[in-house]
Amino acid sequence: MGSLRRSQQLIATCYARHLSRLASGTSRPTPVSIRGRWLRRDQFPRGFFSFRNQQHRETGAGKGPLVIAPVVLLSFGGLLIYSLYPDEELRQARLVRCQAKKESRSTDAKDGCQPQTEQTAWSSFANRFEQFSNVTDIEWAKFSDRIVDWIVPEWSKALPGQIRKLQHELSMSDGSLASEIWQEAHDPFIHPEIQYSAKVRVSDELCDEEKEYLARRRKVATAALAKYLGINEKDINPEDVPTIAMCGSGGGLRALVAGTGSLLATQEDGLFDCVTYTSGVSGSCWLQSLYHSSLTNCRFERIVDHLKARIGVHIAYPPAAFTSVTSSPTNKLLLSSLVEKLRGDPKADFGLVDVYGILLAARLLVPKGELGINERDFKLSNQREYIKYGQNPMPIYTAVRHEIPDVTDKASNTSLASQQRAKEIAKQEAWFQWFELTPYEFFCEEFNAGIPTWALGRRFRDGEDVPPEGNDFHLPELRMPIMMGIFGSAFCATLSHYYREIRPLVKSLTGFSTIDEMIYGYNEDLEKVHPIDPAQIPNFTYNMQGKLRFTTPTTIYDNEYIQLMDAGMSNNLPIYPLLRPGRDVDIIVAFDASADVKTDNWLSVADGYARQRGVKGWPIGVGWPKSTDSTQKIEHQLDAAQADSAEDANTKVKQAQQDQDKHDQSKSPKSAREQSAEQKEKAKHDMAHPEDSDLGYCTIWVGKTEERSSEPPPPTKALTDDSLAWQLTEPSAGITVAYLPLLANPKVEGANPATSDYMSTWNFVYTPEQVDKVVALARANFAEGKDRIRRCVRAVYERKKKVREDRENAVKKETYRRLVRLGIADKLGEGDHFS
């Protein structure tokens, strides 16, 4: 092919720029401040499904430059396509777009309507999608003739037709899928929730539905505990039954597959039937949604079969993805979330997270063969059917909102000391607000407020929902595809998170240390910038000033929408919801399938939350031991923690001190950066070799409910087999935590979380053989500690039983003494003040 003429080069450049803007939807220029440098927001293209009229509706999540790589790719692709296609075809495509705009204007004029100055969310999306589909109408056959066929995949030739078909279905024209979805959105027989209005519930107590569930679940758990411990059910008092909760970490498909194996093992062992709550982050949320669905009917072995059949194909593989959203019966259920959200809310936003959620649902919520798809699986509130009799544990889903205090404007007119003080206070604030979703309620403990789950997606004002059409019609519940995208939106992390991910890959580059120091100097700013916008949903606390808990940030009242993301940005173990008052959890079994279980040390992160909330009985200092602790600190901590333990505590402390002294003398001083690198290497080694690590397959801690005089309180030491029974049965024992990290196991080959590439968080394809290996690894790890957990449950049960019996005996004794003083019991007058 000859070189392009200069005119063609100019046209190609303009076309590439237009294509990148068309695919990314650049918003209006808005200045952004990064360390005093002001940038226009249109310098960084936004995602395709973001709109020009999108405003800064929230001050919480920081906005910043998006990742540049996709823009470069689009620009290069545009130049390449333009250089290979004849001018006539490109001119024809441009004429098609112009003609469409003219027809749209003529239609408005014919109907007597003035052109809208501000488009609604739906009209903006529809127009942009139509423009995009017009570009793809260029025949790709000539493209494949000019370049060798092996460069362009065969399936790519069908993309223009599939995009055009999808655009037609979303056009809202008569007979289109979007029109049918919107008509059904008004049908109360299909969506019963649209008949009812919703109000914000402000309370620090559990909702009535959850209280009823707890009463029913306790009866089921009593029978399950009797079977699990080998006790006659008639001998068990329901008050003595411990409240057990299980939580699963984030980690994408690794957490989903490993979590399935772990819970399958607990179900086979009988422990799962004793559990009252399950909580999840990211992939563990996907697991909960599969468990409480018609796909599996609460059977973990069916989840394993489902995963082996569905996750062998990447969620974004175009042929499979387009087939799901353009073919019946899957297209209606997958696209309902898009249509109802944008059509029902003129200010709604539909972004990359929402697209991601639809792709996830197309893989996970659709069975093999696709014909057995069930519409009830696409609403979270429908999961009440699986727990209404207390027959299963109640699932708790989690998400977080990034609250970034704006101290710049507030401190601009104050002294330098006041500005520094304001920044220090902002650093100490809780940056992430946790939201929990159950089949009953969408709740935030920081606000002490929530709404019914079936009201998700509605706009609220001053504590009451706002009908979108001004009548009694209410929007249907926000669908599971949108929620699944939120639960697993780890890619919405801040730039600081992104840098921590890629830092190990580039640290060997020349001059990296200088760049690294410079980037760390800007870390405070990087922690406030989200390259990819989190998902946006209506804010149920909008305009509720003065009606919520004092911990509620004042900025939340002015935002009509909030942005939610993967809760793993705050803590990859969803322990916080289990510590909520009223749930009274006695035992937490934590399955950690995080990418780096030791370095991240998510259990220790919960310490700050427990202290901030005043959670009584939480075991202080749980988690992986820190290698940076000094000998004196370790000695003091062990001595304080074991002050009331066995007699050999002092001997063990002295021995630990001597070992630590020898280790320190043989070790040369190193920089903090070298120590950090060594810690990561050791963490990787410990995951692959659990026998050398500080913690094993199952580690148990127990807190104390008694008041301590030391400040801060000493850490809780992990229980040994010898001390397990007597420490758990002490009256002052508090919350018990059993921690089971996903580690390599010599009994299972080919599944090593530290070295197996397919177990990466960012891998979205698992072969059936890989699923079997990860499930086998999780089951083998649980088998290593199941006997300890059983003894732990028995000890907690015996403790609660003894506390109850002591309390009842004390009441009986006091009653007897009162009756004796009154002369009613025993002989008349015996025990009075005259005898």
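The model is predicted: local features need pLDDT of at least 70, side-chain atom pairs count only at pLDDT 80 or more, and totals for chains, interfaces and linings use all residues. Residues are numbered from 1 along each chain as its sequence is written, and side-chain values use heavy atoms, with hydrogens and water left out. An open sheet of ten strands runs through the fold description below. The salt bridge count is 27.

**The sheet and its helix**

- The strand order is S3-S9-S8-S7-S6-S5-S4-S14-S16-S15, and the pairing is mixed. Helices (H or I, at least four residues) and strands (E, at least two) are DSSP runs, numbered from the N terminus. Two strands pair if DSSP finds at least two bridges between them.
- Strand S3 (201–202) and strand S15 (699–704) stand at the edges. Each has a single partner strand, so one side of each has no neighbour in the sheet.
- Strand S4 (residues 244–248) pairs with strand S5 (residues 275–280) in the parallel sense, over five bridges.
- Met-246 has Thr-278 in S5 as its bridge partner.
- Helix H27 (residues 768–821) lies across S4, strand S14 (587–592), S15 and strand S16 (733–741). Helix H27 runs at about 170 degrees to S16. Axes are lines fitted to C-alpha atoms, for helices over the stretch in contact, and angles run from 0 to 180 degrees between N-to-C directions.

**Backbone features in loops**

- Ser-328 and Pro-329 are joined by a cis peptide bond, with omega about 5 degrees. Pro-329 sits in the loop between H12 and helix H13 (330–344).
- Met-172 is not a glycine, yet has a positive phi of about 65 degrees. Met-172 is found in the loop between helix H6 (159–169) and helix H7 (177–184).
- Ser-282 is not a glycine either, and has a positive phi of about 55 degrees. Its loop lies between S5 and helix H10 (283–291).
- Ser-282 counts as buried because its relative accessibility is 5%. Buried means under 20% relative accessible area, exposed over 50%, and partly exposed in between (1.4 Å probe, protein chains only).

**Salt bridges**

- A salt bridge is a side-chain nitrogen of Lys or Arg within 4 Å of a carboxyl oxygen of Asp or Glu. By this rule there are 27.
- Arg-459 and Glu-560 meet through their side chains at 2.4 Å, N to O. This pair links distant parts of the chain, 101 residues apart. Arg-459 is in the loop between strand S9 (449–452) and strand S10 (460–461). Glu-560 is in the loop between strand S12 (535–538) and strand S13 (561–564).
- Arg-459 is partly exposed at 22% relative accessibility, whereas Glu-560 is buried at 12%.
- Lys-547 bridges to Asp-462, with the closest N and O atoms 2.5 Å apart. Lys-547 lies in the loop between S12 and S13, and Asp-462 in the loop between S10 and strand S11 (464–465), so the pair ties together parts 85 residues apart in sequence.
- Lys-547 is partly exposed at 43% relative accessibility. Asp-462 is partly exposed too, at 36%.
- Lys-800 bridges to Asp-586, with the closest N and O atoms 3.1 Å apart. Lys-800 is in helix H27 and Asp-586 in the loop between S13 and S14, so this pair ties together parts 214 residues apart in sequence. Asp-586 is buried, with a relative accessible area of 14%.
- Glu-210, Glu-436, Arg-580 and Arg-583 are linked in a network of salt bridges.

**A buried asparagine**

- Asn-572 is in the loop between S13 and S14. Asn-572 counts as buried, at 10% relative accessibility.
- Asn-572 and Gly-248 are 324 residues apart in sequence. In space they are 8.6 Å apart, C-alpha to C-alpha.
- Leaving out residues up to four places away in sequence, Asn-572 touches Gly-248, Ser-249, Gly-250, Gly-251, Val-281, Ser-594 and Trp-602. Contact means heavy atoms within 4.5 Å.

**A nonpolar patch**

- Trp-155, Val-313 and Tyr-317 make a nonpolar surface patch of about 240 Å². Patch residues have over 30% relative accessible area and no salt bridge; like charges are joined within 9 Å, and nonpolar side chains (Val, Leu, Ile, Met, Phe, Trp, Tyr) within 5 Å. Accessible areas come from the Shrake-Rupley method with a 1.4 Å probe; for residues, only the protein chains shown count as cover.
- Val-313 lies in the loop between helix H11 (300–310) and helix H12 (318–326). Val-313 is partly exposed, at 32% relative accessibility.
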